[in-house]
Every structure is written in C-alpha cells, then in structure tokens.
Amino acid sequence: MKKKLYEKILVSISAVIVVIVILMGLAGVDWKQVQNPWSQFTTAVNRKIDKFMHMEEKWISNDQKRAVMEEFELAYVACEKEEQKDGTLIKMVATEETQRKIDAFNEYMQNGSGKQYAKCIGYTELPEGKLTMDFLMENQEKVVEMIDIWQEKRNMESDMDAEIEIYMIYKELLENGQ
C-alpha cells in the first residue's frame with residue numbers, strides 16, 4: 001500500500017515537472033538563466049544575512065545624515081520619476097533657512113571657537129575656503145563625513161557650547177537681515 005502511494009506521488013510530481021517544463025519552453029524561458037531551487041534559496045538567505053549585517057551601518061549613516069540636515073535646515077523630498085531610476089526615492093534639498101545656517105557655520109569655523117576644528121575636519125580644504133550651498137548640495141556625503149568628525153571631536157573635548165555659539169551667530173544674521 002505504501003509503495004503504491006509512493007509511486008503515485010512520484011508519478012504526480014514527475015507529471016507536474018514535465019508540464020512546467022513544457023509551459024516554460026512555450027513561454028520562451030532561457031534555460032541558462034534558470035537557477036536551481038537550492039541556489040535561489042541560498043541567494044535569498046545570503047541577501048537577508050547581508051541586509052541584517054549592514055543594518056547597524058545604515059543606522060549610523062542615517063544618524064549622520066540627520067545631523068547634517070538639522071545643522072543646515074535641509075529637508076527630504078521625493079525624487080522625480082527620472083531621478084528614481086537608480087533606486088533613490090528621496091533626496092535632501094535646501095530650505096529658505098539653509099543659506100543662513102551655512103553662513104553661521106562658516107562664521108563659527110572661521111572666526112569663532114570652531115577654528116580649532118577647521119583643519120582636522122577638512123573645512124580648510126573646501127574649494128572656496130568655506131562651505132557653500134553648491135558644495136553642500138553636490139557633496140552631501142563629504143559634508144556628512146565632515147560634520148560627523150566635527151561632532152566626534154567636540155564630544156571628546158566636552159565642547160557642547162558650539163551649538164549655542166552657532167545659534168547666536170545665526171540669530172545675529174537673522175536680526176541683521178542677512
């Protein structure tokens with residue numbers, strides 16, 4: 001009884017496989033591109049493991065980007081259809097306050113207590129000798145890295161007054177209509 005049931009199951013499975021192969025042949029499937037099920041399974045598992053292993057990296061990167069966005073009053077907006085072709089769905093854009101925030105940061109780095117950090121974070125190597133809107137928007141990863149190093153240095157030296165100093169410069173620029 002068990003043997004006949006086993007044979008019927010094998011015949012049924014074989015018939016299903018033959019039908020699938022015939023249908024795939026009729027559909028014009030390129031057999032060289034068809035992976036075996038084990039290969040598909042291991043590829044899927046490896047992708048999940050890779051995604052999990054890099055999760056912390058992505059969290060850190062997102063935190064760093066948020067710090068730059070907060071520092072310079074940037075905002076996320078949806079990308080246009082043409083821009084989404086590379087898989088990017090959102091991008092950072094300047095707000096009306098961004099230029100004033102950049103000006104306050106530049107003043108802090110050039111004439112304020114930020115001078116002590118300017119060289120080690122790469123600020124002195126910026127193309128125009130200061131941070132510009134164009135540089136910020138075209139080199140966001142470089143600016144994210146620069147701000148991250150600046151924040152690390154400040155934290156190591158317990159310099160929490162930088163945010164206050166930059167805010168005071170920003171407020172002064174605002175009052176002067178700049």
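This is a short tour of one predicted model, stop by stop, for you to follow in your viewer.

Residues are numbered from 1 along each chain as its sequence is written, and side-chain values use heavy atoms, with hydrogens and water left out. Because the model is predicted, local features need pLDDT of at least 70 and side-chain atom pairs count only at pLDDT 80 or more, while totals for chains, interfaces and linings use all residues.

**Stop 1: helix α1.** Select residues 2-26, which make up helix α1; helices here are DSSP runs of H or I with at least four residues, strands are E runs of at least two, and both are numbered from the N terminus. Now highlight Leu5, Ile9, Ile13 and Ile17: together they form a nonpolar surface patch with about 380 Å² of accessible area. Such a patch joins nonpolar side chains (Val, Leu, Ile, Met, Phe, Trp, Tyr) within 5 Å, each residue having over 30% relative accessible area and no salt bridge. The areas come from the Shrake-Rupley method with a 1.4 Å probe, and for residues only the protein chains shown count as cover. An α-helix has 3.6 residues a turn, so residues three or four places apart point the same way. Ile13 is partly exposed at 44% relative accessible area, where buried means under 20%, exposed over 50% and partly exposed in between.

**Stop 2: the core.** Next, pick Phe72, Phe105, Met109, Tyr123, Leu131, Val143 and Trp150, the residues with the most contacts inside the largest nonpolar core, which has 28 residues. A core is a set of buried Ala, Val, Leu, Ile, Met, Phe, Trp, Tyr and Cys residues joined through side-chain atoms within 4.5 Å. Elements giving it two or more residues include α4 (98-111) and α7 (140-156). Centre on Phe72: beyond its neighbours within four places in sequence, its contacts (heavy atoms within 4.5 Å) include Lys101, Phe105, Leu131 and Val143.

**Stop 3: salt bridges.** What joins Lys101 to Glu73? Their side chains meet in a salt bridge at 3.9 Å, N to O, the term meaning a Lys or Arg side-chain nitrogen within 4 Å of an Asp or Glu carboxyl oxygen. Lys101 lies in helix α4 and Glu73 in the loop between α3 and β1 (74-78), 28 residues apart. Lys101 is buried at 15%, whereas Glu73 is partly exposed at 33%.

Then show Arg100 with Glu97, a salt bridge at 3.1 Å; Arg100 is buried at 17%, and Glu97 is buried at 18%. Finish at Arg154 and Glu163, paired at 3.4 Å, with Arg154 buried at 5% and Glu163 partly exposed at 35%.

Key: Patch = residues over 30% accessible without salt bridge, like charges linked within 9 Å, V, L, I, M, F, W, Y side chains within 5 Å. Buried < 20%, exposed > 50% of the residue type's maximum accessible area, 1.4 Å probe, protein only.
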